[in-house]
Amino acid sequence: MTRNEITEQIIAARLAKGLSWQQLADAIDRPVVWTTSALLGQQPIPADLGKVLVEMLGLDESIVPVLAAPPMRGGLPTAVPTDPTIYRFYEALQVYGPALKELIHEQFGDGIMSAINFSVDLQKKSHPSGDRVVVTFDGKFLPYEWVSGEG
């Protein structure tokens, strides 16, 4: 069974059982964004946690090793995402990405924000003009470093 087929089974089982992503995250004591990402195939799930999730979802335990394996990350079906929700993140980074890059360099120096040493959080915030989506990226700063080829 492929990882994509397993993801389809996870989604179908979650909906059939009426489980929220938050309930699944709470069951393994992990953040909801990480848990959702992992169940959608973007993070390896340690086997002990995978067993808990598989049992909750009523899926075959044989998929636990696949869930625990390092995944192929970042595979969206097109270069420019067409799903409206995902596209808005892409659009926001097109508009604000250059400014964020400049500000990172100004405040931290020449480097990048890690997406490996990283966390992300999503919150709902009430607002008089309509609820707000608050997304927080929290990544370690990694400076670019020149390493000489000399011993």
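Visitor: Where does Met 56 lie, and why is Met 56 called partly exposed?

Guide: In this predicted model, Met 56 sits in helix α4. Its relative accessible area is 28%. Buried means under 20% and exposed over 50%, with partly exposed in between, so at 28% Met 56 is partly exposed.

Visitor: Which residues is Met 56 in contact with, leaving aside its neighbours within four places in sequence?

Guide: With those neighbours set aside, Met 56 touches Lys 17, Leu 19, Gln 23, Leu 24 and Ala 27. A contact here is a pair of heavy atoms within 4.5 Å.

Visitor: How far apart are Met 56 and Glu 102?

Guide: They are 46 residues apart in sequence, and their C-alpha atoms are 45 Å apart in space. As for the division of the protein, domain 1 covers 3–68 and domain 2 covers 84–143. The centres of the two domains, taken over C-alpha atoms, are separated by 26 Å.

Visitor: What puts the buried residues of α2 on the same side of the helix?

Guide: Helix α2 comprises residues 21–28, and Leu 24, Ala 25 and Ile 28 are buried there. They cover an arc of only 100 degrees around the axis, and therefore lie on the same side of α2. These buried residues pack against α1 (3–17), α3 (32–39) and α4 (47–57).

Visitor: How do you know that Thr 35 is buried?

Guide: Thr 35 has a relative accessible area of 0%. Thr 35 belongs to helix α3. Apart from its neighbours within four places in sequence, Thr 35 is in contact with Leu 24, Ala 25, Ile 28 and Arg 30.

Visitor: What makes the phi of Asp 29 worth a remark?

Guide: Asp 29 has a positive phi of about 55 degrees although it is not a glycine. Most residues other than glycine have a negative phi. Asp 29 follows α2 and is found in the loop between α2 and α3.

Visitor: Is Asp 29 buried or exposed?

Guide: Asp 29 is exposed, because its relative accessibility is 70% and the cut-off is over 50%.

Visitor: Why is the pairing of Arg 88 and Glu 91 called a salt bridge?

Guide: The N to O distance between their side chains is 3.3 Å. A salt bridge needs a side-chain nitrogen of Lys or Arg within 4 Å of a carboxyl oxygen of Asp or Glu, so this pair qualifies. Arg 88 and Glu 91 are three residues apart in helix α6 (residues 84–108), which means that about one helical turn separates them. Glu 91 is partly exposed, at 32% relative accessibility.

Visitor: How many salt bridges does the structure hold?

Guide: It holds two. Besides Arg 88 with Glu 91, Asp 131 pairs with Lys 124, their closest N and O atoms being 3.5 Å apart. That distance is within 4 Å, so the term applies here too. Asp 131 is partly exposed at 49%, whereas Lys 124 is exposed at 69%.

Visitor: Which residues form the nonpolar patch on the surface?

Guide: The patch is formed by Phe 89, Met 113, Phe 118, Leu 122, Val 133, Val 135 and Phe 137, with about 620 Å² of accessible area together. Strands β1 (111–125) and β2 (132–143) each supply at least two of its residues.

Notes: Residues numbered from 1 in each chain as written. Predicted model: local features only at pLDDT ≥ 70, side-chain atom pairs only at ≥ 80, totals over all residues. Heavy atoms only, no water. Patch = residues over 30% accessible without salt bridge, like charges linked within 9 Å, V, L, I, M, F, W, Y side chains within 5 Å. Areas by Shrake-Rupley, 256 points an atom, 1.4 Å probe, with all protein chains shown as cover. Helix = DSSP H or I, 4+ residues; strand = E, 2+ residues; numbered from the N terminus. Domains from an automatic or database assignment. Buried < 20%, exposed > 50% of the residue type's maximum accessible area, 1.4 Å probe, protein only. Arc of directions from axis to C-beta.
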